[in-house]
Amino acid sequence: MLYLVEHFYSIQGEGKYTGRPSLFIRLGGCNMKCEGFACTETAPDGVEVLGCDTVYAVNKEHFSQNWVPINKATELLSILDLYELPDAVDVVLTGGEPLIYANDFIFIEFLNELHNNGHRICFETNGSLDVDFKKYPVYKECIFALSVKLSNSKENLRKRVNGDVIYSLATNSKEAFFKFSIDEESINLGLEVEIEDILIHSPKTEVYCMPVGGSKAEVEKNTEPLIEFCKAKGYNFSDRLHIRIWDQNKGV
Ligand code: SF4
């Protein structure tokens, strides 16, 4: 069974395809917590939960009463009928971590239908969970934004960086790029070495760095130091356009 958290039709706000009209489908659950990002949100049960800016899609214990259980691929496919979409649209699968469902037959059927109907499938993933490209060739047609977590996430290194998985996703997919969330403090703490250690696993994959922040104020605070960092390292700067425009509003 899969859990659907939310869906919305907007523009991609981050990474290589910033600005592209995209249908976002957010699935519930993640293999990490990333409490280092220090975002808090009040759950339906009243508990203040610590995590990343999508903690409401990560923490099953406190937020799953708002998640919709999905038992058939058609339930996901029917989301596309709710919007006036172009014939072929970018469908961004995000979370949480969407690849926790990588072997789920409902999910595979959904991906195959999207691909067969001409849509472009883009995964927003933390890059720690592999997919079976041989068994499920649809993954070879997908784009992967590899948002590999850095030490500022406060996740264990072994859990967040798996070189074999990074290599597999980057080399077997249609396209992949790295997308790192970086704050001013981490730049000063020498995070460039961390990034270089990750890039060793796929040196030709493009790098996009975006400012950490669940709010416009936080994104703005981290933007200029990050631009200087990108200029020095030759990495691409990626804005977080949706946060800059809509701040902390969800589903836009
Ligand atoms: S991996 Fe991504 S979705 Fe999961 S907790 Fe970390 S930042 Fe949030």
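Modeller: Let's go with H8: among the elements covering its buried residues are strand S9 (175-182), helix H6 (184-188), strand S10 (207-211), strand S11 (236-237) and helix H9 (241-246). Helices here are DSSP runs of H or I with at least four residues, strands are E runs of at least two, and both are numbered from the N terminus. Residues are numbered from 1 along each chain as its sequence is written. Mind that this is a predicted model: local features need pLDDT of at least 70, side-chain atom pairs count only at pLDDT 80 or more, and totals for chains, interfaces and linings use all residues.

The buried residues in question are Val219, Asn222, Leu226 and Phe229; buried takes 20 or more other C-beta atoms within 10 Å of a residue's own, with C-beta atoms placed from the backbone. An α-helix has 3.6 residues a turn, so residues three or four places apart point the same way.

As for length, H8 runs over residues 216-233, and its 18 residues should span 26 Å at 1.5 Å a residue, which agrees with the 25 Å between its end C-alpha atoms. The expected span is 1.5 Å times one less than the number of residues.

H8 does bend, by about 35° at Thr223, with a proline, Pro225, following within four residues. That bend is the angle between axes fitted to the seven residues ending there and the seven starting there. After H8 comes Gly234, with a positive phi near 80°.

How values were computed
A residue is buried if 20 or more other C-beta atoms lie within 10 Å of its own, exposed if 12 or fewer, and partly exposed in between; C-beta atoms are placed from the backbone. Two residues are in contact if their C-beta atoms, placed from the backbone, lie within 7 Å.
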